[in-house]
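Subject: The structure for you to look at

Hi there,

Here is the structure I promised to send over. Have a look at it first, and then read on for what turned up.

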Amino acid sequence: MKTMKNALRTVLCLTVLTLALSCSNDDDVTALGIQRSFTTNADTDFLINSDGTVNLMVSGAFQDTSPSSSVTSRGFVYGASTNTEVSETNTVVAIGPQNSVTGDIINLPSGQTYYIRGYFEMSDGTYFYGNEIQSSTDVDASSTRTITMEMESDPFFISQTEVTPTVNLSDIAKEMPMEIGYEYSVNDDFSSSTLKDIEGYQGNILTTSYASELITGLTASTTYYFRPYAKYADGTVTNGGTSSASFTTNN
C-alpha cells in the first residue's frame, strides 16, 4: 500500500511539473514566474514612397523581467500569412523605451495585407511572440498627405544668367512626391512661368532642406520670381504653401 501511495505521489508531481512547463509560451508568465509580454498596437501609420512602395510604422510596448542575458534582440516580425515566424528577411528592430517602442517596415509592395507581431529572440535560439495585428498597404494619401516648402531668401549661387535657389522641406507626411522642383517667372503672379525639376531627386528624402541644381539660361539684370512645387504620382501638383522669393541676376 505504501508503494502504491508513493507511485501516485510521483505521478501527481510529474503532472504538476508538466502543467507548469506548458505555460512557458504564454504571453505573460513563464514556468519560472518571469513576466514577459509584447503588445503591438493595432493602429499603424504609413508613408507612400515616390516609387509607389509603402512604409508601415508600427508601435507597441513590452515587459520582460528575465535576466538581460536571456534576450538577444527585440523587434517586429511581419509576413503575408498569420503567425509568421522570424526568418532572415522579415524583421525590423524595435526601437525606444519598453513602454513605447517603434519599428519601420519599409518598401513593401502596395495593395497587400500584412500580419505583424512583436518578438523576443532568446539566447537559446527560441523566440517569444506577442499578439498579432493586421495592417494593409492598400492606402490612399490624396486627402491626408502634407508637405511644407519654404524658400530661402538668399540663393545659394547667383550670376548674370544662373541662379541656385534653396527650399526648406518639412512636415512631410503620408506620401513622398515623385518630383520636386521650381517654378519661376519674370512676373510676380507666375504667369508665363517655367518649371524646372530637381534632377537626381530620388524621393524618400526626409531631411529638412534640399537645394536645387543650377537654373541656367536667365537674362542679366532681371528680377525672377521663384516658388517650389511638388508633384505626386497621381499628377497632383502643390506649392507646399505660399512661399516665394525674388532674385535679380547680376549685371
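Where is the place of Asp 154? Asp 154 sits in the loop between β9 (146–151) and β10 (157–158), with strands taken as DSSP E runs of at least two residues, numbered from the N terminus.

A note on the basis: this is a predicted model, in which local features need pLDDT of at least 70 and side-chain atom pairs count only at pLDDT 80 or more, while totals for chains, interfaces and linings use all residues. Residues are numbered from 1 along each chain as its sequence is written, and side-chain values use heavy atoms, leaving out hydrogens and water.

Asp 154 counts as exposed because its relative accessibility is 56%; exposed means over 50% relative accessible area, buried under 20%, and partly exposed in between (1.4 Å probe, protein chains only).

Leu 214 lies in the loop between β15 (209–211) and β16 (223–231). Leu 214 has 32% relative accessibility, so it counts as partly exposed.

Now to strand β7 (residues 113–122), which is mostly covered, with 7 of its 10 residues buried. Strands count as paired if DSSP finds at least two bridges between them. β7 pairs with strand β4 (residues 71–79) in the antiparallel sense over 8 bridges, and Phe 76 stands opposite Gly 118 in β7. Strand β8 (residues 127–136) also runs antiparallel to β7, joined by 8 bridges, and here Phe 120 stands opposite Phe 128 in β8. The hairpin of β7 and β8 has 4 residues between the strands, and Gly 125 there takes a positive phi near 90°.

Best wishes
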